Amino acid sequence: MTETAPGPSTGSDDPNLTMGIDPYERNWMRLSIALLVAFAATITVAGFSMGFAVPGADGEVDPRTVLETEPWSSPGLREISPGVYEAYVVAQTWSFNPRELEVPVGSELTIYVTSPDVQHGFSVRDTNVNMQVVPGQVSKLSYTFDEVGEFPYICNEYCGQGHAAMYGVVNVVPASAVSAGNDNDNASDSAEAQGDADGQVD
Ligand SMILES: [Cu+2]
């Protein structure tokens, strides 16, 4: 007389089961909790020690009249105090105005952007600056440029046919090479040469 093969385990007599939770399921639960903790830690570190910030909606404007209203009627760079700059940038189909911002190394630059037409993006390469630009709203982010170099900015929200032509550059120059007023094209020759030599961006 042969014994019949045991049927499917009911779980209660399986030594691998604790409180009726399958070991595989328990490990997946542990992994899920570990991931939640890791994500929360990432956000905390990025926000509090690395300075990542959500761009603030600084205010509202009327997109139909914004280009006739100060300060948007004369966009560009303003020096607030030594080493502290503000830039007003208009993102429109399909260009940025202005296309170039020049600040001395170590400057804190606060960028305000708005759009008179459709939604755009404003992202500065190698920085934390990445903003949505929504018609009727002013987006604002600050960044301290601690390295000399060219930091291209682009539109990173598809806005139509000429989207790829929407770019510009933050030029971070040595403190000694800053041209007076930043709207003066007669920058020192060495700075010009340096800038031109590295004009190709890829
Ligand atoms: Cu675009």
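## Strand β11 and its partners

In this predicted model, β10 and β11 pair in the antiparallel sense, and six bridges link them. Strand β11 is mostly covered, since six of its seven residues are buried.

## The five-stranded sheet

These pairings belong to an open sheet of five strands, which follow one another in the order β5-β11-β10-β7-β8 with mixed pairing. Because β5 and β8 stand at the edges and each has a single partner strand, one side of each is left without a neighbour in the sheet. If direction is ignored, neighbouring strands of this sheet are turned by 20° against each other on average.

At the β8 edge, the pairing of β7 with β8 is antiparallel and runs over four bridges. S123 takes part in a bridge here, and its partner in β8 is N130. As a general point, the strands of a sheet pair through backbone hydrogen bonds, and they may do so in either a parallel or an antiparallel way.

## Strand β3 and its partners

Strand β2, which covers residues 76-81, pairs with β3 in the antiparallel sense over five bridges, and L77 has A87 in β3 as its bridge partner. The hairpin of β2 and β3 has two residues between the strands, and in it G83 takes a positive phi near 85°.

A hairpin through two residues also joins β3 to β4. Strand β4 spans residues 95-97 and runs antiparallel to β3, with three bridges between them; in this pairing, the bridge partner of Q92 is S95 in β4. With β6, by contrast, β3 runs parallel, and seven bridges join the two strands. V89 stands opposite V113 of β6.

## The nonpolar core

Which residues have the most contacts inside the largest nonpolar core? This core has 30 residues, and those with the most contacts inside it are V89, A91, V103, I111, V113, F122 and V170. Several strands each supply at least two of its residues, including β5 (100-104), β6 (108-114), β7 (120-124) and β11 (167-173), while β3 gives the most, with five residues.

Once its neighbours within four places in sequence are left aside, V89 is in contact with P75, F96, N97, P98, I111, Y112, V113 and F122.

Conventions: Residues numbered from 1 in each chain as written. Predicted model: local features only at pLDDT ≥ 70, side-chain atom pairs only at ≥ 80, totals over all residues. Core = buried A, V, L, I, M, F, W, Y, C linked by C-beta atoms within 7 Å. Buried ≥ 20, exposed ≤ 12 C-beta atoms within 10 Å, placed from the backbone. Contact = placed C-beta atoms within 7 Å. Pairing = 2+ DSSP bridges. Axes fitted to C-alpha atoms, helices over the stretch in contact; angles between N-to-C directions.
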